Amino acid sequence: MTEPIVSTPLRERATKALGDRFLHEALDIATTKFIALRREAFGNFPEGEHLRDRARAIKEATLQRLDTHLETLVANVERLGGHVHFATTAEEARDVIVDIARRTGARMAVKSKSMATEEIHLNEALQAIGVTPVETDLGEYIIQLAHERPSHIIAPAIHKTKGQVAELFSRELKRPGLPADPEVLTKIAREELREKFLQADLGITGANFAVADTGTVVLVTNEGNGRMATSLPRVHVAVMGVEKIIPSMTDLAVFLAILAKSATGQKLSVYTTLVQGPRRPGELEGPDEFHLVLLDNGRIAQLAGTLRESLYCLRCGACLNVCPVYRQIGGHAYGYTYPGPIGILLTAMLNGPRSVKDLSHASSLCGACADACPVRIDIPRMLVELRREVDDKGIAPWTERVVFKTFARVLRSPRLYRWGARIGRTAQRPFVRGGRIRALPFFFGAWTRTRDLPPVAARTFQERWREL
Amino acid sequence: MSSKTDFLTRIRTEMAKTRGLFAASSAERPAQPAQRLDLLRRELSERWPQTLERFRAEFELVAGVFHRVATAAEVPAALERICRERHARKLVAWPAEDLGVAIAPALAGAGIAVESMPRAAVADTERRRLRGVIADADLGVTGADLAVAETGTLVLVSAAGRPRSTSLLPPCHVAVFDREALVESLEHLGLALEAWHEGVPPAERGAVINFITGPSRTADIELTLTRGVHGPKEIHAIFVDGGLSRHG
C-alpha cells in the first residue's frame, strides 16, 4: 500500500487548482503542445496504427505467460552477474534498497526519473538512514529543491514558471540573482548535478522495459541522466513493476517505435540505454554491482482483476494531455503518485478502490484517453467498473447509494417514471436558475456542488408523442 | 523481502483464474536472426546511398552535424576542423583498433592531445585518473556499431576500450562510421539485437548498449528546448565512404 500524498478532499484540491491562473495557462500550453507533437509524429508514420495493435498484443501475450517470462528474466539477469529482489509491497522494496545502501556504505544516491521509486516513496526512506537522494532529471530536480511533487508523468515541473525556477535555484543553490532564462538555468543544473554524478555511490533508476530473453533492463531518457546513473556510481539499482517485462528484442523495437511518439512526439528519445548486468572485466566504467528490484505493490492481484488492462501502461503521459479533467486541474489535484485517467486506475491498483471513491468520478468518460493510448487501454470501461465497485462494496456514502437505487427503480417502471417526472417538475421549481439546477438542498447538495443538472422538461417526450 | 517462490506462486494463482478468458496472442521472434541480418545487409548493399541519405536527413533533424569523407585517412583532418571551430584541445577517443582508424598521431601534429582508452583492464588508480580525463575533455571520439536511418540514431556497445562516458561526459561527441553500420529501421535494429544476443556467451555481450538520437536535451522549464543538460550539447557523425578497417 502507498499512502496518499495529500489528505484534503478531491473537491478542495480541484477547486484550488481551478483558481490557480498560472497553472491553468501552463497546463493549457503544455498539453496542447504535446497533443500537436504526438499527432504530427503519428501522422508521418503510417505503420504506427499497426504497431500499436502489435504492442497491445505483445503486452497481453506477455501477461498470459508472465510466470515463464519472469523466470527467464531472473535467470538471465543472474547469469549476467546481477541480483534480483522480489518486493510484494512498497515497504519491502524500500527495505531492499535501504539494505543495499547500508551494506555498500553509500552516502549519496543519484536518481534517474522513475515513477516506481516515487510510488514507493523511496527518497524519505533513504534520507532516514543518512543517504542523500538527488533527483537528476531537470524537472524532478526542480521539484525536489522546491519540496513538491511532479504534476505530469513526463514533464514533472510543468506547473512552475522560469521565474520561479530562477528564484528557487538562486535561493537553494546559493547563487543569487540568476536570470529567468531556461538556457542559463539548465547550465547551472548541469554543473551542480555533474558533481553529484561523479561523487555518488548509488545510481537508482526505474525501467521502461525489461527484456526477458536477454536479461536487459531498458531506460529511456532525453537528458542522459539515465546513462550517468548507470555508468558512474559503483552500484546500480533498478526498480521496476513486474508488468514491464517484454519477451524479446524484437518486441522492444515495436515499443520504442511508438513510445516517444506518444510521449513527446520524437521519433525516438535521445537516449535508449540497454543495461545488461554490472561492469564486465576489463571495462573502464560501470557499476560493480547491479540489482533489479521487481515490484508487485498491487499489480499481481490485477492479473485476474478488473484493472488487468492497465498493466499494459507504458507511462507515456499521452492520456493526461488529452483528458479534459487533467487539463483543467493538473496532476497535483489527483493527490497520488500517478495523475490523469490512467493514474486513477493505477491509484486504485496500488491503494484499493476506497482510494478512488471520488477520483473514479473525475472523468467525463469522453474516451479521448483510450484513443490516445499507444496500447489502446480501454480506460473509460475500467473507470465505469471502478465506480460500480465503489458502489457494490459500500464505499460510496449510503445517501448516494439510496438515491441511485431509488433512481434505478424509477427508471425501470414506466408508471413510477411518469409519476416521478410529474413530482420532479413541481419540486424543482425553486432550484432552476438559468435553465439549470445548480444547487439542491440537504444531502443532494453534494451532487450539485460540482455538477449542474438539467431540469425535468416542462412536458415529457411521452406527453408530446401522444399529441402528435 | 518476498522470495522468488512466493512471488511466482502468487502470479500463477492469479493467472489460473483467467484461463480461457483472454484470446492468446503470442509475439514472434525471427528465426535465425544472424542469417536474416546477413541477408538484409546484402540487400542493403544495393541501395546504401539512399539509406545513408535518409540517415543524414534524420540525424540533422535531431540537430546532429553530418560530415562525409572519402577515406579513413581523411578522418583526422575532419576532426581537426571540428576541434578548431570549438577551440577544443583535449580529446578522448576509442583506441585505433576499435575506431577503425588511427587519429592520435595526425592530431598530435596539430597540437591536439588525444587520450586513447585502454583495451585491457587497468588498476583502480588509473581508472580514477581516466574518469577525470574524460570528464575534463572537450571532445569524445567513438565509433558506432549501427546507424539507424529511420531515426538518425547511433548505436554504441560498451566494452573494454569503449568506455560509456566517452560519448557522454564531453560537451561534444563525434562518432565515426561507415557503410557496414547502416541499417534502415527500428525493426532492423531489433533484428540486429536478436542476432547479437544469439549464441554469444553473456560475458561477451556489451554490459551497456546505447541508442543515441541527437544531443542531450530537455524541455523541463516552460517547455523551452535546451541542449546539453547532462550529456553532450553537440553530436557529429563522420561517414567514411572508403570504409574503416576492422579488427574486432
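**Exercise 1. Which residue of β9(B) is the bridge partner of Leu274(A)?**

Solution. Start at Leu274(A): its bridge partner in β9(B) is Ile209(B). Two strands count as paired if DSSP finds at least two bridges between them.

A word on the model: it is predicted, with local features needing pLDDT of at least 70 and side-chain atom pairs counting only at pLDDT 80 or more, while totals for chains, interfaces and linings use all residues. Residues are numbered from 1 along each chain as its sequence is written, and chains are lettered from A and ligands numbered from 1 in the order in which they are written.

**Exercise 2. How many residues does each chain bring to the contact?**

Solution. Count residues whose C-beta atoms, placed from the backbone, lie within 7 Å. Chain A gives 81 residues and chain B gives 68. On the chain A side, the largest share, eight residues, comes from helix α10 (residues 182–199). Sorted by class, that side has 40 nonpolar, 21 polar and 20 charged residues. Here Ala, Val, Leu, Ile, Met, Phe, Trp, Tyr, Cys and Pro are nonpolar, Asp, Glu, Lys and Arg charged, and the others, Gly among them, polar.

**Exercise 3. In what order do the six strands of the open sheet in chain A lie?**

Solution. Reading across, the order is β1-β10-β7-β4-β2-β3, with parallel pairing. At the edges are β1 (83–87) and β3 (132–135), each pairing on one side only. Inside the sheet order, β4 (202–205) and β7 (235–241) of chain A share four bridges, and Thr205(A) has Ala238(A) as its bridge partner in β7(A).

**Exercise 4. At roughly what angle do α18 and α19 of chain A cross?**

Solution. Take the axes as lines fitted to C-alpha atoms over the stretch in contact, with angles from 0 to 180 degrees between N-to-C directions. The axes of α18 (398–412) and α19 (414–427) come within 5 Å and cross at roughly 115 degrees. That makes α18(A) roughly perpendicular to α19(A), the term for 65 to 115 degrees (under 35 is roughly parallel, over 145 roughly antiparallel, the rest oblique). Finally, list the contact: Arg409(A), Val410(A) and Leu411(A) of α18(A) meet Leu416(A), Tyr417(A) and Gly420(A) of α19(A).

Methods:
Helices (H or I, at least four residues) and strands (E, at least two) are DSSP runs, numbered from the N terminus. Two residues are in contact if their C-beta atoms, placed from the backbone, lie within 7 Å.
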